[in-house]
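Okay, thanks for making time, everyone. Let me put the structure up, and then I'll walk through a few places in it.

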2 protein chains.
Amino acid sequence: MDENTGGLDGLFAPERVAVVGATETEGSIGRAITGNLVADFAGETVPVNPKYDEVLGLDCYPDVASISDDVRLAVVVVPPSIAVDAIRDCGEAGIRNVVVITAGFGETGSEGASRERELTEVAAEYDLNLVGPNSLGVMSTPSGLNATFGPENALPGSISFMSQSGAFITAVLDWANDEGIGFKDVVSLGNKAVLDETDFVEAWSDDPDTDVILGYLEGIEDGGAFIESAREATTDTPIVMVKSGRTEAGAQAVSSHTGTLAGSEQAYEAGLEQAGVLRVENVQELFDFAQILAGQPIPDSEEVAIVTNAGGPGVMTTDAVGDSSLSLASFSEDTLAELSEAMPEEANIYNPIDAIGDADIDRFEQALDIALADENVGCAVVLSAPTAVIDFDDLAEVIGERQAEYGKPVASVLMGGERTESAKMVLREHGIPNYFDPARAVRSLDSLVRYREIREREYEAPESFDVDRERAREILARADERGDNRLGVEAMGLLDAYGIPTPEGEIAERPEDAVSAARDIEGEVVMKIVSPDILHKSDIGGVRVGVPDEDVADTFEDLVTRARNYQPDAEILGVQVQEMVDLDSGTETIIGMNRDPQFGPLLLFGLGGIFVEVLEDTETRVAPVSEREATEMVDGIRSAPLLRGARGRDPADREAIVESLQRLSQLVTDFPAILELDVNPLVAGPDGVQAVDVRLTVDRDEL
Amino acid sequence: MDENTGGLDGLFAPERVAVVGATETEGSIGRAITGNLVADFAGETVPVNPKYDEVLGLDCYPDVASISDDVRLAVVVVPPSIAVDAIRDCGEAGIRNVVVITAGFGETGSEGASRERELTEVAAEYDLNLVGPNSLGVMSTPSGLNATFGPENALPGSISFMSQSGAFITAVLDWANDEGIGFKDVVSLGNKAVLDETDFVEAWSDDPDTDVILGYLEGIEDGGAFIESAREATTDTPIVMVKSGRTEAGAQAVSSHTGTLAGSEQAYEAGLEQAGVLRVENVQELFDFAQILAGQPIPDSEEVAIVTNAGGPGVMTTDAVGDSSLSLASFSEDTLAELSEAMPEEANIYNPIDAIGDADIDRFEQALDIALADENVGCAVVLSAPTAVIDFDDLAEVIGERQAEYGKPVASVLMGGERTESAKMVLREHGIPNYFDPARAVRSLDSLVRYREIREREYEAPESFDVDRERAREILARADERGDNRLGVEAMGLLDAYGIPTPEGEIAERPEDAVSAARDIEGEVVMKIVSPDILHKSDIGGVRVGVPDEDVADTFEDLVTRARNYQPDAEILGVQVQEMVDLDSGTETIIGMNRDPQFGPLLLFGLGGIFVEVLEDTETRVAPVSEREATEMVDGIRSAPLLRGARGRDPADREAIVESLQRLSQLVTDFPAILELDVNPLVAGPDGVQAVDVRLTVDRDEL
């Protein structure tokens, strides 16, 4: 539902807002919204309700058509039975932006679902930017716009926040306002009948006042579109997101909360990573990351300096660095010389710098100054236990000044209770977060480093290989003609058409064809029964390895007899006669695909046998994949050293595996009819790969 | 240094405390301690300093000998040069408990180290319970004892806390006092010259006023003693601990902070787990776990009910449950019927119970009451977003009352800012922690469930097998006679003596002996060169598999020639002639041991080849291990399904592997001289195991 994207200025920066369903009735949602707008909105609030002439001292109009001035945003709070008509009226009146607070749509029973379909049609007809239905509303702090029925307005800031849970917004604002954390725009997504996460990612990506995009999502409507928009956005705006329903229990809870079926966690994990989203698992990290990304610069390197007056907490900080993608900076000789001069003998001048317990503000400042000046240092954690000689407010000033001078990101750990409160405010003015727990400070800095990597990614387009698409289409069409939706080795031609190497071989329908096929192949052959009804060929003795030419005819008969005995009604397409592949000199790998409802084709790579089946050692990516992504899949499995020649093996031809993954990516992207596909094994030898067997499921309606 | 253990009543509950080095000098440590004692201590403070007649209005004594009344605790704050003498004076005066604040001992250079040795000798001479040196001091809230120089005294409570960092104590108290978190005893361990973590675990384990033992440690002095004491303690008192220096960088930081070399993280991980310690990685979890363990009962089951008025945060809570060892409770039919009656139609009555946004206090209470009454529910999370109809103070009361009524542990997530403050206080009175982040609430409840498992563990003594210890001693002695500290297959007899099955075989010094040995063995044999100087036999062609009897003599000559060519000065003990082991029908495993400086013998188990070397899929435990622990090792590796017969293999004889681990455990416990030992491979077939090769390193000084 992204057809309405464009700018969302009308939504967040209207001059005039109509409240359709405005009222003074205490405790009602219409009252709450009108009141919130009247309280803080810099523009004009226009109540609409045929029952009143005036609401909260403002002229009230009977309908949106009667409003003389130009209205860009309407907030709809009328009962569900008349909501769709109210939205149509907005469309008729030329109001392009509509926030539908009204509930009782898709989140309830079938009546609600059909009402939501109507709403969607009306929105499409008038090309509306529609938020909701079942939304808490929207906020935008520059104009004081609070078109929600929540109890709190947001403080101004540069974080834009979308949430699929209105209650979560209410909770977050209550807390954030006390913490002094501000927002640019806030959107309660509701049922996402029209505008969804992708639209807001696009809008905020283009918004100079949004420094960080934050999201709480329970699902993503269109995974592919989201990846594309998020990739674009994250080149200059970080996205931090909780995608809940990660666990089996959580996914069930999502489905009862929103009524939608969650896609696979594997697909979300791969898709969000490919999209460049910093995915977090809890509320604390969501806001820890958001704050430091909004307040601090991105470091030039992941080398961190730790400056402390307390050895123990310094060690804890160092452990947290070891857990992160940061590394402990090695100071230059000059730095060590300067520290050695400035610090007392008992101090530790190697990283972490321990200025020891009697360090006063000057010693602390010197240590921080020397550390930040070192070009080996990309960022810093400043940590202080409370002592008689350190005033936290003074230290906060010093940290802020030094951070500003060197432009390197700093996280602060002033450890204590209330004595840290005013220092925190000083630090917040410098955009520096403060934590009691050193581990949180380090993880937050780590989010900057991880975002740096994301920002520096170069998104290559997936390679487009020269393939025989027509031949592939014919092979699939033939399956359709036979009425099969499960294909086996008879579809090896698909791989061949897309340039994935397969052993020489053909399917023989008669013994004499098998003999002639075997003669064309050098050496002994492998023979496999070909039947869409027999999926586990080996289990029924439907595969023979190392058959010499003279035994081919007998083996043909034997394989067919076995198959018929096993399953008398099985359709038998013939027997595949295939070149022998040297399994010993290669490594068995698996490349495969299944189609996710949200993200589409999800590619899989792993080593064959126990590695996939017992150790579950696989990498997945949403197709289409670039060469970089395919390479990451191959290198990302735990057992990757086996492909690089661990324990005296020949290294496998990694490039050939990567290329096969890219070609498979192209195949499954070209043919949405392919629902699942497994090449197992793809044997990777020192000089190339060979796809020995294939199995796929197609959606015949898509053919 | 545990000889002084006994009770530590004199340390924490003295009637009279002498401050040796008491003074009124502003800014001095002696002043700070005397002042802290005078301020809060219910007993008598006795200043000792030859320079003064009076300190802070109290009579001051020239030395401890002159004090007429009985003094049980002395705090020593004199300069390092006279500290040892001052401690001796305490001993002479019959003061058994001494806290040494003075720094300048082992944590500084060699002069300090020798001073610390003197101190230890004096402590041993007078059998002193000595804390420190280089300690912040000790606190005990029942008597208001604050014998530290920190700025804050602790609030009363039931958590006893030890820390190897004094600064960490200062920071924690500053924060905890504002949070209302109280302590029973607090100890700054300092250099641990005499009393260490094991002594305090033992003392607090026997203390009825300590409900939870908390620790920040950078090292453990004696791993074996600690495991023993902690096992005993955790049968009724949970221990939560940060052991820092987990990471490589952290371990280096520990070594520069405390001057001690950290043992291996692997040993700490195994040892703390075996000790029943709940190990946490950061400050937040340390206190989250401590608070809920101190305030809430241990649940009867890990089944959790979630009661919320907010769907989205409910889903996040459910995800957190999926990440934990908790599971979502399935409500009984009765519960569902009651909820169905009590809740509105739009509510979700399945777990998580979503009482929806307009839930008032009565609906919330009903939902919680029904959930806690269900016998399938072991614990609960109550979660509320701020709404117009819920007052958090009222809700806190309700949560507290229901928790008390049902006696099941509850964690609370009242989400918001300042509006949660007074509710938090209400909850704290009921011992219920409150969090903004649902994930923290779930992890805290999870710590109760994990402690339940620890408490219920039955510590079986390690089995004592009937072994031939004398023969093992002789084999090791022979190696010593030869001047070797590295042994190979010539030490297979060690395994045999301890009942670990080995293939038939012997070491032949001459070809004719080899021939006769081979004749005694049925079928073909394996022949291996035996030399302490050649560790990688296969690499130099020093191993021959499948040698028929007629080739044994030639093979003998060939192996010896190869060895001599490879390394002319190698000592060659002979050639091992060994029964063939069927590697195909078994699985190659590795059992091994290395000796950790703190924890002693650390056993290792894994599958052979790539599983240990590439995938690092191993389990370790500190020896001696019980049958349960050995079984956990075998079942704990990721590749364990391969032993259970995954992919059509014969299942391996798991009991035989477990027994071999137990026997190896006995061997390395009996002989501290064995520094490292690897049985690789131990071939595990369907009917037993066979140790095919062994390699070990011994400390000849221990023989």
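I'll start with one glycine. Gly43(A) comes out as partly exposed, because there are 16 other C-beta atoms within 10 Å, and the cut-off for buried would be 20 or more. Bear in mind that this is a predicted model. Gly43(A) sits in the loop between helix H2 (29–40) and strand S2 (44–48) of chain A. So what does Gly43(A) contact, leaving aside its neighbours within four places in sequence? The list is Pro14(A), Glu15(A), Arg16(A), Val17(A) and Ser143(A). Take Arg16(A): it is 27 residues away from Gly43(A) along the chain, yet the two C-alpha atoms are separated by 5.6 Å.

Zooming out to the whole of chain A. We have 23 helices and 30 strands, and the C-alpha trace spans about 95 × 80 × 40 Å along its principal axes. Of the 703 residues in chain A, 55% are buried. If you look at contacts between residues at least 6 apart in sequence, 73% of them join residues at least 24 apart.

Now, the two chains. The interface has 70 residues of chain A in contact with 70 residues of chain B. On the chain A side, the elements giving two or more residues are helix H5 (166–179), helix H8 (248–258), helix H10 (283–295), helix H11 (311–323) and helix H21 (610–613). Which of them gives the largest share? That's H11(A), with eleven residues. By class, the chain A side has 31 nonpolar, 24 polar and 15 charged residues.

H10(A) also packs inside its own chain, against helix H16 (residues 438–456) of chain A. The angle is about 60° and the axes are 9 Å apart, so H10(A) is oblique to H16(A). The crossing is right-handed. From H10(A) you get Glu285(A), Asp288(A), Phe289(A), Ile292(A) and Leu293(A), and they meet a set in H16(A) that includes Arg440(A), Arg443(A), Leu445(A), Leu448(A) and Tyr451(A). The residues of that contact split into six nonpolar, two polar and four charged.

Over to chain B, and helix H15 (residues 421–429). Its buried residues are Ala423(B), Lys424(B), Val426(B) and Leu427(B). They cover an arc of only 160° around the axis, so they are on the same side of H15(B). What covers them includes helix H14 (392–406) and strand S19 (410–414) of chain B. After H15(B) comes Gly431(B), with a positive phi near 75°.

Last topic, backbone geometry. As background, most residues other than glycine have a negative phi, and most peptide bonds are trans. Here are some that go the other way. Leu56(A) has a positive phi near 45°; it is in the loop between strand S3 (54–55) and strand S4 (58–59) of chain A. In chain B, Ile356(B) has a positive phi near 55°, and its place is the loop between S17 and helix H13 (361–373). Buried or partly exposed, then, for Ile356(B)? Partly exposed, because Ile356(B) has 19 C-beta neighbours inside 10 Å.

Then the cis bonds. Asn351(B) to Pro352(B) is cis, omega near -5°, with Pro352(B) in the loop between helix H12 (333–342) and strand S17 (353–354) of chain B. Asn680(B) to Pro681(B) is cis too, omega near 5°, but Pro681(B) lies in a strand, S28 (residues 674–685) of chain B. That's it from me.

Notes. Residues numbered from 1 in each chain as written. Chains lettered and ligands numbered in written order. Predicted model: local features only at pLDDT ≥ 70, side-chain atom pairs only at ≥ 80, totals over all residues. Contact = placed C-beta atoms within 7 Å. Helix = DSSP H or I, 4+ residues; strand = E, 2+ residues; numbered from the N terminus. Nonpolar A, V, L, I, M, F, W, Y, C, P; charged D, E, K, R; others polar. Axes fitted to C-alpha atoms, helices over the stretch in contact; angles between N-to-C directions. Parallel < 35°, antiparallel > 145°, perpendicular 65-115°, else oblique. Left-handed = near helix turned anticlockwise from the far one by under 90°. Buried ≥ 20, exposed ≤ 12 C-beta atoms within 10 Å, placed from the backbone. Arc of directions from axis to C-beta.
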